[in-house]
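Keep the viewer open as you read.

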Amino acid sequence: MAIDPPSNRLWWKEPIHRIELGWIIIAFLWGLFMFFFMIAWHFIGNQNLSTESYRVLPEQYQERVELFAEEHQLLDASGEPVDVDGVPVVSPPPGEDAYLLGRLWEWWPVLELKKGEAYRLHLSSADWQHGFSLQPVNINISVHPGYEQIITLTPTETGEFGIVCNEFCGIGHHTMTGLIRVVE
Amino acid sequence: MTTIDHGPIGLPAANVSYRTCPFTGRRIERNAELLIRANAVAAVVFLAVGGLFGLLVALTRWPAVQLLPAEWFYLVLTGHGANVLLFWIIFFEIAVLYFAATFLLNCRLATPRFAWLAFALMVVGGVLANYVVLQGDSTVMFTSYPPMMADPLFYLSLILFAVGALIGVMVFFGTLVVARAEGTYEGSVPLVTFGAVTAAIIAVFTLASGAIILIPTWLWSMGLIAGIDSLMYKLVWWGMGHSSQQINVAAHIAIWYAIAAMVVGAKPLSEKVSRFAFLMYVLFLQLASAHHLLAEPGMSSTWKIVNTSYMMYLAVMGSMLHGLTVPGAIEAAQRRNGFDRGYFDWLTKAPWGNPAFAGMFMSLVMFGFIGGISGVILGTEQLNVLMHNTIYVPGHFHGTVVAGTTLAFMAMTYLVIPIIFQRDIIWPRLARWQPYLFGLGVAGISLFMMGAGTLGVPRRHWDISLIDSIIPYEFASGAYLMMGLNGLSAIVAAAGGLLYVVLVVASVVAGPRLDRPGATLTFPLHKGGAEAVSHYGSAGTLKIPGTIILVAIFFGAFILYYFINWKYLSALWLFN
C-alpha cells in the first residue's frame with residue numbers, strides 16, 4: 001500500500017503500464033502545446049502585454065501627467081474645459097502618448113480616445129500599488145509606484161468604460177474609479 | 001544496498017516509549033503522538049478563527065447584505081488570509097509530516113524538544129499576528145505589499161511563525177535519518193512519506209523566501225531600512241506565498257494516497273510513476289511565484305513564459321499524472337475488493353459513507369476540475385490579463401486550497417482522531433454528512449467567485465456598487481447575482497466547517513475511547529490489503545476502464561476551457 005514501503009524493493013525496475021505511459025505522453029505533449037501556444041500568441045495574437053517599463057520617481061510622473069492633461073485638455077464648443085465631476089477630460093492625439101495616474105483614490109484624468117487608433121498608454125502610481133481594471137472590457141494590469149509601464153492600446157469599441165482599482169490600496173480602495181471614453 | 005553506520009546515532013533516548021496501534025499494528029511513539037495531537041489541535045483552532053473571518057468576508061461581499069463596515073471588512077480579510085492560508089494549513093502540515101515520518105515508518109520522533117520549540121514559536125507567531133491585525137494598524141492584506149506598511153509586530157509574528165515551521169520541517173528530516181539509522185522500515189520509504197518529503201523540501205524553499213523578504217520588510221517598518229522595492233517584494237514574497245500552496249499540493253496528494261490506502265487498500269499503480277510525479281513538484285513548482293507577476297511592469301515575456309509554464313508545464317504534468325494514478329489506484333483496489341462489474345461499480349460501491357473517503361475523493365475531483373484547470377488558465381502569460389486581481393483569483397485558490405487541501409486535511413482528520421487521539425468519531429451520522437456539506441459550499445464559493453471575476457468584479461473590494469466614487473461605474477447585474485450566490489455558498493461551507501470543528505472537538509474530548517481491548521472503529525480501515533498487495537503486480541494485470549473515462553472527461557474539460565479563454569482574450573481591445 002502507499003503507506004508501506006514498496007513491496008518490490010527494486011520498484012524502479014518495474015515496467016510502466018501502457019495506460020500510465022500513454023497518459024504521461026499525452027500530458028507532456030499538452031504541456032508542450034500550451035507552452036508553445038503562449039509563444040505563438042506573440043505572433044498571431046493582438047493581446048500581448050507590453051514589457052516596456054521604466055523607473056520613475058512618483059513626483060516626476062505626477063508632474064508629467066499634469067503637464068499632459070494641461071496640454072491636451074478637451075474643450076467644448078464655447079472653449080470651456082470639459083470635465084466629469086471635476087475631473088478633466090483629456091483627449092490625446094491619436095498614435096501619441098496618453099498618461100494615466102493612479103493615486104489615493106482615483107484614476108486621473110479622464111481620457112477620451114478614438115476608436116481604432118493606437119495610443120501609448122503610460123501607467124504608474126503616485127503612492128501605493130493600484131490595479132488598473134478596465135470594465136466591462138476586463139483588461140487588468142498592476143500599477144506600481146516608481147515603475148512606469150507603457151502599453152500600446154487600441155480601443156475597438158465606442159462608449160464609456162469604467163476603470164476600477166483591483167489592488168487593495170487602503171480604506172478608500174472601493175471608491176477608486178476612473179473613466180475612458182471612446183469616440184468614433 | 002547502502003549500509004549505514006549505526007554507531008554515531010547512538011541508542012534511542014531512555015524516555016522513548018511506544019504503544020502498538022490495535023487497528024494498524026504499527027508502533028506509535030509517545031512524543032510523536034503528543035506532537036501530532038498538539039499541531040492538529042492548533043490547526044483546528046486557527047481554522048475555526050479563520051473560517052469565521054471568511055464567513056464575515058463573504059457576507060460583506062454579498063451586496064444585499066454587506067455585513068461589516070469597510071474598516072472591519074479589510075481588517076477581517078487580512079486576518080482570514082493569515083489564519084487559514086498560513087496557520088491552519090501549516091500547523092496541519094507539520095502534523096502530517098510528523099505522522100508520515102513516525103507512524104508510517106514505525107519510528108520515534110527526533111529531538112522532541114526542538115519539535116516543541118517549533119510548536120511554541122508557531123503558536124506565538126499565530127496568536128501575535130491575530131492580536132496585531134485586530135489592533136487595526138496592520139490592515140495590509142495577507143500579502144502586505146509595500147509601500148503600504150503594517151505594524152512591525154505584524155511582520156515579526158509571521159517571521160516567528162516561519163522560523164517555527166522551519167524547525168518543525170528540520171525535525172521531520174531528522175526523523176527520517178533516525179528511521180534509516182535504526183532500521184525501522186525495509187527498502188524505500190512508503191509513497192506517502194515520499195510525498196511528505198517533497199512537501200518538506202518545498203517548505204524549506206518557501207520558508208526561506210519568506211525570511212528573505214519579511215526580515216528586511218520588518219526592518220523597514222521599524223525605520224531601519226529606507227525603502228522596499230515593490231516589485232522585488234512581490235517576486236520574493238510570492239516565493240513564499242505561492243510556494244506555500246505547493247507544499248499543500250504535495251501534502252494533500254500524499255494524503256489522497258494515504259486515505260486511499262487506509263480505507264480501500266489502494267496500492268500505487270506504479271511506484272515509479274507516482275514518485276516521478278512528486279519529483280516534478282520539487283523541480284518545477286517553485287517557478288509558480290511568477291504567476292503573480294504576469295501583469296506587472298519590468299518582466300520580459302521570455303521570463304514570464306518560462307516561469308509561468310513551470311518550465312513547459314512539467315509540474316502540471318505531475319498533477320495530471322496524480323489525477324490518473326490516484327483514482328486508478330482506488331479503482332484497482334476496489335476491483336480487488338470484489339467490485340469488479342462494469343465501468344463504475346468500483347466507484348458507486350466505494351465507502352461514500354466514510355467521511356475520510358468521501359472528503360478525499362471530492363478533494364481529488366474538485367482540485368482537478370476547479371482549482372487545477374483555472375490555475376493553468378490564470379498562469380498563462382496572456383490570459384492572466386483577463387482575470388488578474390479580479391475575484392476570479394480567490395475563486396481559483398479556494399478551489400485549490402479549500403476544496404483541495406482543506407477538504408483533504410479534514411478527511412485525514414477522521415483517520416487521525418482514532419489512530420492518534422485513540423478516540424472514535426462521535427456522532428457518525430453527522431460526520432457522514434460533513435464532507436458533503438463543506439464540499440458543496442466550497443464548490444459554490446469557487447465557481448461563483450470565478451464567475452464574478454470573469455465579469456470584472458475586483459478582489460479585496462468592499463463595495464462593487466461604487467456608490468462613494470467620484471465617477472460611478474455600474475457592474476453587470478450578473479456580477480451581483482454571482483456575489484450573492486457566493487455568500488449563500490459561504491454559509492453552506494461555514495456550516496460544514498463548523499460541523500467539522502464541533503465533531504473534532506467533541507470526538508477528541510468525549511468520543512468513545514479506543515484504548516480498551518475489543519474497541520472497534522465506526523469507520524473501519526481496510527483489512528487484508530497488505531496480503532492482497534503482495535500478490536498484485538499492478539503493471540501486469542492493470543484494468544482501470546472507469547478511471548480512463550474520468551480522466552478523459554477531465555482532459556476534455558481542460559482543453560475546452562483553455563480555448564474558451566483564448567477566444568475571450570482575442571475579443572479584447574488590442575494591446576501590446
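In this predicted model, β6(A) and β12(A) run parallel to each other and are joined by 4 bridges. If you want a spot to look at, E112(A) sits opposite R181(A) of β12(A). On another pairing of β6(A), strand β3 (residues 87–90) of chain A is also parallel to β6(A), this time over 2 bridges, and V89(A) faces V110(A) in β6(A). Is β6(A) enclosed or open to the outside? Strand β6 spans residues 110–114 of chain A, and 4 of its 5 residues are buried, so the rest of the structure largely encloses it.

Now hop over to β11(A). This strand (residues 159–165) pairs with β12 (residues 177–183) of chain A in the antiparallel sense, with 6 bridges. Two facing pairs to pick out are V164(A) with T177(A) in β12(A) and I163(A) with G178(A) in β12(A). Strand β8 (residues 130–135) of chain A is antiparallel to β11(A) as well, over 4 bridges; here Q135(A) has G162(A) of β11(A) as its bridge partner.

| Strand pair | Sense | Bridges |
|---|---|---|
| β3(A) and β6(A) | parallel | 2 bridges |
| β6(A) and β12(A) | parallel | 4 bridges |
| β11(A) and β12(A) | antiparallel | 6 bridges |
| β8(A) and β11(A) | antiparallel | 4 bridges |

Put together, these strands belong to an open sheet of 7 strands in chain A, ordered β2-β3-β6-β12-β11-β8-β9, with mixed pairing. Which strands sit at the edges of the sheet? They are β2 (83–84) and β9 (139–143) of chain A, each of which pairs on one side only.

Zooming out, chain A has 2 helices and 12 strands. Its radius of gyration is 24 Å, well over the 16 Å the globule rule gives for 184 residues, so chain A is more spread out than a compact globule. The C-alpha trace spans about 90 × 35 × 30 Å along its principal axes. Chain A is split into domain 1 (14–44) and domain 2 (52–183), and the C-alpha centres of these two domains lie 41 Å apart. Of the 184 residues in the chain, 47% count as buried. Residues 24 or more positions apart make up 55% of the chain A contacts that have a separation of 6 or more.

Then there's chain B. How many residues of chain A are in contact with it? The count is 77 residues of chain A, touching 90 residues of chain B. On the chain A side, the elements that give two or more residues are α1 (18–44), β8, β9, β10 (147–154), β11 and β12. α1(A) gives the most, with 14 residues. Sorted by class, this side of chain A has 38 nonpolar, 32 polar and 7 charged residues.

Strand pairing crosses between the chains too: β10(A) and strand β3 (residues 574–575) of chain B are antiparallel over 2 bridges. To find the place, look for L153(A), which stands opposite F575(B) in β3(B).

Notes:
Residues are numbered from 1 along each chain as its sequence is written. Chains are lettered from A and ligands numbered from 1 in the order in which they are written. This is a predicted model: local features need pLDDT of at least 70, side-chain atom pairs count only at pLDDT 80 or more; totals for chains, interfaces and linings use all residues. Two strands pair if DSSP finds at least two bridges between them. The radius of gyration is taken over C-alpha atoms; the globule rule is 2.2 Å times the number of residues to the power 0.38. A residue is buried if 20 or more other C-beta atoms lie within 10 Å of its own, exposed if 12 or fewer, and partly exposed in between; C-beta atoms are placed from the backbone. Two residues are in contact if their C-beta atoms, placed from the backbone, lie within 7 Å. Domain bounds come from an automatic or database domain assignment. Ala, Val, Leu, Ile, Met, Phe, Trp, Tyr, Cys and Pro count as nonpolar, Asp, Glu, Lys and Arg as charged, and the others, Gly among them, as polar.
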